[in-house]
Amino acid sequence: MSAAADRMHQPDNQLVDLVFDYMRERLQYNPVPLDHPGDGEHLRTHLAGLLNEHGNDPGDVLKLYDHELSRAVISADSPRYLSFIPCAPTKAALLFDMVVSCASLQGISWLEAAGAIAAENQVLRLIADRAGLPASAGGTFVSGGSAGNLSALVVARDTARRKLGVGPEARLRIAVADQVHSSVKNTFNIIGVEAFVVPTVDRRFTGEALRAALAADPNPETVIAVVGTAGTTNEGIVDDLAGLSEVTREHGLWFHVDGAYGGAGLFAPSVRERYNGIEHADSFVVDPHKWLFAPFDCAALLYRNPQLARAVHTQDASYLDVLHTEGDEWNPTDYAYHLTRRARGLPLWFSLAVHGTQAYTDAIETGLTLARDTAQLIRDTDHLELLHDPQLSAVCFRRTGWTREDYYRWSQQLLADQIGFVTPTGWDGETVARFAFLHPGTTLDMVKEILSTME
């Protein structure tokens, strides 16, 4: 082995000190700055020749990252990041994410990572309890809502095939609303099922609408599952989960709830009743890297009956036989389409253990209160119009007289001035403005500052 190759896996105190000093500084940002989108040509110029045969001084590489690369990234954990769905991980979660990375955990099996999996399962049990799922419920942490929806709906499809005694050639459909997340639509393309689209009532998927759609369809037996949303991405609307669950039980359909963004509202007493019916879900996904203050990438996937998922997702190979034993075995790889998997639930576990669940409830309620206060500000402003009373922490509104170009020009200027990152969205074919409040450090004064730029 060459000396260079040998050094790659040897302790390097200088490198450790460099990186830890940088991370200590990053963790002390209060607040985290937004920064800017990058210029491709500028970045390519600074990266040119970096990956060479002989390597570079670590201090120079870290300086390049700090001065050029990290500043060409809009920080999703800034309290002024109000677009898409932000991410606001606690400092405890971020620090423990470093611990997990340093440990090089292979989190696929009880054999290799029983301690890590036991802690992850404790968090999954907490979430299942908040949803009212039975003691039998269980699952795994995956990379995000897209992976969770895909994994759950594959189980729904295969469970239905066995129940109906049909093969891959059979036409199967899954009922969704016209507001369903794009990842669900993409999942249908991947797993070979069709969407049975049910019109929403005021953007909300209701049991009444589903029942009527099934009654009017000439082939309702081809509908095998229903996807309800606990917090639509654009408006934060929680579907009629109680009504949908009632229809699924009447027709023997799989009930999946996509709570990637809004599922964290289960921890907030002020909105908990909106989720009634989720206790009947066959599968449920929530992304802690959104409103449960974990780092990217972390999504909790739960099944009412995990054995159904295990029958679908367990990978069989001679080199995996050793993983399947008796007793306490719980292999996360058996409950989603993944095999290799980092123990991505541990940072959330550590932060919950350190701060307690009440702190999480308080932080979520802060976002809900800010959304309601912002809605009132908009109502009280003559040139602004609220488009929908906020159910969770998303607020959509329009500026009277503005065109699409006005919204995009305004959004770009906000970011350039580091006042906020607020991207436009669509509303019935019209371009409008939207806030997404998750970071407990976002204040009403920040919102007023942003709204004042629309005068």
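Two strands count as paired if DSSP finds at least two bridges between them. In this predicted model, the bridge partner of Glu385 in β9 is Arg398.

Q: What is the strand order of the open sheet, and which strands stand at the edges?
A: The four strands follow the order β8-β9-β11-β10, with antiparallel pairing. β8 (384-386) and β10 (425-427) each have a single partner strand, so one side of each lacks a neighbour in the sheet, and they stand at the edges. Ignoring direction, neighbouring strands are turned by 45 degrees against each other on average.

Q: Which helices pack on the sheet, and which strands do they touch?
A: Helix α14 (residues 357-379) touches β8, β9 and β11 (430-436), and its direction makes about 135 degrees with that of β8. Helix α15 (residues 404-416) touches β9 and β11, and its direction makes about 30 degrees with that of β11.

Q: Why are α2 and α4 called roughly parallel?
A: Angles under 35 degrees count as roughly parallel. The axes of α2 (residues 13-27) and α4 (residues 58-69) cross at roughly 15 degrees and come within 10 Å; the two helices are therefore roughly parallel to each other. The crossing is right-handed. On α2 the contact is made by Leu15, Leu18, Val19 and Tyr22, and on α4 by Pro58, Gly59, Leu62, Tyr65 and Asp66.

Q: How do the residues of the contact of α2 with α4 divide by class?
A: Seven are nonpolar, one is polar and one is charged.

Q: Why are α6 and α13 described as roughly perpendicular?
A: The range for this term is 65 to 115 degrees. The axes of α6 (residues 110-131) and α13 (residues 346-355) cross at roughly 65 degrees and come within 9 Å; the helices are therefore roughly perpendicular to each other. α6 passes α13 in a left-handed crossing. Ala116, Ala119, Glu120, Gln122, Val123 and Leu126 of α6 meet Leu346, Leu348, Trp349 and Leu352 of α13. By class, these residues are eight nonpolar, one polar and one charged.

Key: Residues are numbered from 1 along each chain as its sequence is written. This is a predicted model: local features need pLDDT of at least 70, side-chain atom pairs count only at pLDDT 80 or more; totals for chains, interfaces and linings use all residues. Side-chain values use heavy atoms; hydrogens and water are left out. Axes are lines fitted to C-alpha atoms, for helices over the stretch in contact, and angles run from 0 to 180 degrees between N-to-C directions. Angles under 35 degrees count as roughly parallel, over 145 as roughly antiparallel, 65 to 115 as roughly perpendicular and the rest as oblique. A crossing is left-handed if the near helix is turned anticlockwise from the far one by less than a right angle, and right-handed if clockwise. Contact means heavy atoms within 4.5 Å. Ala, Val, Leu, Ile, Met, Phe, Trp, Tyr, Cys and Pro count as nonpolar, Asp, Glu, Lys and Arg as charged, and the others, Gly among them, as polar.
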